[in-house]
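This briefing covers one protein, going from its overall dimensions to a helix, a pocket and some backbone details. Please keep the sequence and the model at hand while reading.

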Amino acid sequence: LFQKHIQALGGKDKIDAVKSLVISSKAALEAGPQKFEGTFVRKLKSPGKEKTSMDLKVMKQDSWVNGDKAWSARAPQAAQELPAADAAKKRLEATILMSAKLLDLGYKAEVTAKKDGQYVVNVVTPSNDKEVYYFDAKTFLLSQIERTVVQPQGAMPVTVKFGEYMNVGGVMFPKKSSSENPNFTISHEFSYEVNPEIDDKEFTP
């Protein structure tokens, strides 16, 4: 299944050739009747570097990953370094085209079902978190991830959906995604820049 997914994305050589990536989006947060619009920019560089900024007017947050260190900031507070275990998770998540590299990153995966035109895959992360990935049975592209996010208020289910894949430089990327939890939904419409120059200074607060 993962071999077919890698081929669907463009093949291993094309995937491995993406060494840096800038993902920009028009983002919208919906919470009940309220809707807030803003911007989202994610800069990735191999290996293990990431800077993400999201500004939704009511919520502005930034995160950085640089090797084995990671930081986060939510305005108006200054950046705080994350504990080592959280930084290790963030480093994995900073992997470009991560879904094609799960097994190489130490994730365990088991195809448990094929239903409603989707392959359902139970995934266990290196930190022993459980997630469920859904791959389209025709295209072999990733359509959905279900995971549980632990916050100070408690555990919260999160569903991330991907759609309208487009070819950018020979690699397939989703044009749209949404992240849904019981409190709000954040939706994105993405554009991509493949292999731009990114200064390493960007990955530290």
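Which residue just after H1 takes a positive phi? That residue is Gly-10, with a phi of about 140°. The model is a predicted one, in which local features need pLDDT of at least 70 and side-chain atom pairs count only at pLDDT 80 or more, while totals for chains, interfaces and linings use all residues. Residues are numbered from 1 along each chain as its sequence is written, and side-chain values use heavy atoms, with hydrogens and water left out.

**Overall build**

- The secondary structure comes to 3 helices and 13 strands, where helices (H or I, at least four residues) and strands (E, at least two) are DSSP runs numbered from the N terminus.
- The protein is as compact as a globular protein of 205 residues, because its radius of gyration of 17 Å is close to the 17 Å given by the globule rule; the radius is taken over C-alpha atoms, and the rule is 2.2 Å times the number of residues to the power 0.38.
- Taken along the principal axes, the box filled by the C-alpha atoms is roughly 45 × 40 × 30 Å.
- Of the 205 residues, 40% count as buried, with buried meaning under 20% relative accessible area, exposed over 50% and partly exposed in between (1.4 Å probe, protein chains only).
- Among contacts (heavy atoms within 4.5 Å) between residues at least 6 apart in sequence, 39% join residues at least 24 apart.

**Helix H1**

- Within H1, which spans residues 2-9, the buried residues are Phe-2, His-5, Ile-6 and Leu-9.
- Seen down the axis of H1, these buried residues fall within an arc of 100°, so they line one face of the helix; the arc is that of the directions from the helix axis to the C-beta atoms.
- The exposed residues Gln-3 and Gln-7 are carried on the face of H1 turned away from its buried side.
- The cover over the buried residues of H1 includes helix H2 (12-16) and the strands E7 (108-115), E9 (130-136), E10 (142-151) and E12 (171-180).

**The second largest pocket**

- The second largest pocket has a volume of about 180 Å³; on a 1 Å grid over the protein atoms alone, a pocket is an open set of points where a 1.4 Å probe fits, with protein on both sides within 12 Å along at least five of seven lines, and a volume is the space filled by probe spheres set on the points.
- Its lining residues, which have an atom within 4 Å of a point, are Phe-2, Ile-6, Lys-12, Ile-15, Asp-16, Ala-100, Lys-101, Leu-103 and Asp-104.
- H1 and H2 each supply at least two residues of this lining, and the largest share, 3 residues, comes from H2.
- The lining divides into 5 nonpolar, no polar and 4 charged residues, with Ala, Val, Leu, Ile, Met, Phe, Trp, Tyr, Cys and Pro counted as nonpolar, Asp, Glu, Lys and Arg as charged, and the others, Gly among them, as polar.

**Backbone details**

- Most residues other than glycine have a negative phi, and most peptide bonds are trans.
- The peptide bond from Ser-46 to Pro-47 is cis, with omega near -10°, and Pro-47 is found in the loop between strands E2 (34-45) and E3 (49-55).
- The bond from Ala-75 to Pro-76 is cis, with omega near 5°, and Pro-76 lies in the loop between strands E5 (69-74) and E6 (80-81).
- Asn-128, in the loop between strand E8 (118-124) and E9, has a positive phi near 75° and counts as exposed at 54% relative accessibility.
- Glu-164, in strand E11 (residues 154-168), has a positive phi of about 55° although it is not a glycine, and is partly exposed, with a relative accessible area of 47%.
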